[in-house]
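Please view the sequence and the model first.

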Amino acid sequence: MRPWPGPALRDEADELFPQGWRRAAIEAVVAGGVQPELVESLSPAERERFEAVAAERRRVAATLRERERRGEDPDPDPLPRTLSASAVIDHERCPKRFYWSVVRPLPRFSGPAARIGTEIHRWIERRASGQGRLLEPEDVPDLTLEELAGDPGRIERLREAFLASRFADRVPLAAERPFLLRFGEVTVGGRIDAIYTDRDGRWEVVDWKTGRRPSSDDPLAGLQLDVYGLACVEIWGKRAEDLTLTYVYLATGEEVSRPMGDPAAVRALIGSALDRIASGAFEPTPGPQCAYCDFRAFCEPGLAWVATQGSGLSPRPA
Ligand code: SF4
């Protein structure tokens with residue numbers, strides 16, 4: 001074992017720093033400055049160069065301290081110009097979670113629920129495109145044993161719920177259809193799970209959910225489908241009155257359908273959410289979303305909120 005901080009490299013020690021420059025730097029910090037004997041040992045030319053570099057470093061340090069004192073952020077976070085619809089909704093639930101997901105992204109935990117949700121969406125899409133015939137419904141998806149152990153048979157139950165739904169034998173007009181909507185300088189994108197049409201040309205926009213149904217008083221529960229409906233109106237020219245928006249909760253087999261609302265109201269809602277994002281305020285807003293937030297471990301407001309809930313937390317929606 002070598003003492004730390006020793007020379008990181010074999011040749012780091014030299015005549016001036018026999019113990020390596022890292023140790024000398026730490027000793028200089030402890031002593032409050034570079035030891036005079038080190039400076040005195042320099043040649044006049046070296047000393048002149050040292051003084052010039054040190055003066056420049058002191059100037060930069062003073063500027064940074066002054067900015068810090070005035071509360072200026074020397075490097076404000078650039079706000080993204082392209083956002084997913086779900087990121088905008090995420091911001092409405094908790095701006096801090098949006099910040100840690102989009103503005104200064106931290107690693108996310110892709111848990112079993114998310115992986116199973118992705119797998120089910122892929123399976124439905126393969127069926128919709130006709131490739132489902134190549135894969136038997138009971139084929140085991142690419143999930144680890146650990147992921148399957150938590151809730152054995154869940155994948156099969158979700159698939160059976162889809163096969164029992166009124167959509168199982170229908171061919172969608174489109175599946176996993178991407179779109180982009182412009183809101184001033186910001187573009188909001190998304191991907192519609194499925195669009196079905198009837199003989200009268202009406203469209204039903206469907207979103208598959210593998211998690212629980214949100215509570216009826218969740219004001220943001222329908223916003224995702226509203227944005228999809230807006231895309232149908234503005235991109236594909238559908239009339240709002242010819243659109244039905246449907247969530248299918250595969251975990252329970254429930255369906256929740258409603259007509260498309262006023263597209264202008266949806267646009268205004270998303271526009272004001274984007275204004276709030278542009279304002280750059282990303283304060284945490286603890287609530288039920290903390291129960292399934294990847295960042296809770298180091299978010300004090302989130303931890304405090306969860307602590308007040310005891311063991312009565314709802315499971316994660318997807
Ligand atoms: S734990 Fe709660 S308050 Fe904290 S970032 Fe996540 S959702 Fe927001």
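## Helix packing and core

The crossing of α4 and α9 is right-handed; a crossing counts as right-handed if the near helix is turned clockwise from the far one by less than a right angle, and as left-handed if anticlockwise. The model is predicted: local features need pLDDT of at least 70, side-chain atom pairs count only at pLDDT 80 or more, and totals for chains, interfaces and linings use all residues. Residues are numbered from 1 along each chain as its sequence is written.

The axes of α4 (residues 85–93) and α9 (residues 223–234) come within 10 Å and cross at roughly 140°. That makes α4 oblique to α9. Axes are lines fitted to C-alpha atoms, for helices over the stretch in contact, and angles run from 0 to 180 degrees between N-to-C directions. Under 35 degrees is roughly parallel, over 145 roughly antiparallel, 65 to 115 roughly perpendicular, and the rest oblique. Helices (H or I, at least four residues) and strands (E, at least two) are DSSP runs, numbered from the N terminus.

The axes of α9 and α10 also come within 10 Å, crossing at roughly 120°. That makes α9 oblique to α10. The crossing of α9 and α10 is left-handed.

Residues are in contact if their C-beta atoms, placed from the backbone, lie within 7 Å.

| α4 with α9 | A85, S86 and I89 of α4 | L223, Q224 and V227 of α9 |

By class, the contact of α4 with α9 has four nonpolar, two polar and no charged residues. The contact of α9 with α10 has six nonpolar, one polar and two charged. Here Ala, Val, Leu, Ile, Met, Phe, Trp, Tyr, Cys and Pro count as nonpolar, Asp, Glu, Lys and Arg as charged, and the others, Gly among them, as polar.

Which residues of α4 are buried? They are A85, V88, D90 and H91. Buried means 20 or more other C-beta atoms within 10 Å of a residue's own; exposed means 12 or fewer, and partly exposed lies in between. The cover over these α4 residues includes β1 (82–84), α5 (95–103), β3, α9 and α10.

Now the core. A nonpolar core is a set of buried Ala, Val, Leu, Ile, Met, Phe, Trp, Tyr and Cys residues joined through C-beta atoms within 7 Å. The largest has 37 residues, of which I120, V205, V206, V227, Y228 and L250 touch the most other members. Its largest share, six residues, comes from α9. Leaving aside neighbours within four places in sequence, Y228 is in contact with G190, I192 and V205. A second, separate core of five residues includes C94, Y99, W100 and F282.

E241 is exposed, with 9 other C-beta atoms within 10 Å. E176 lies in strand β2 (residues 174–183). E176 has a positive phi of about 50° although it is not a glycine. With 15 C-beta neighbours inside 10 Å, E176 counts as partly exposed.

Of its 318 residues, 21% count as buried.

Terms used: Two residues are in contact if their C-beta atoms, placed from the backbone, lie within 7 Å.
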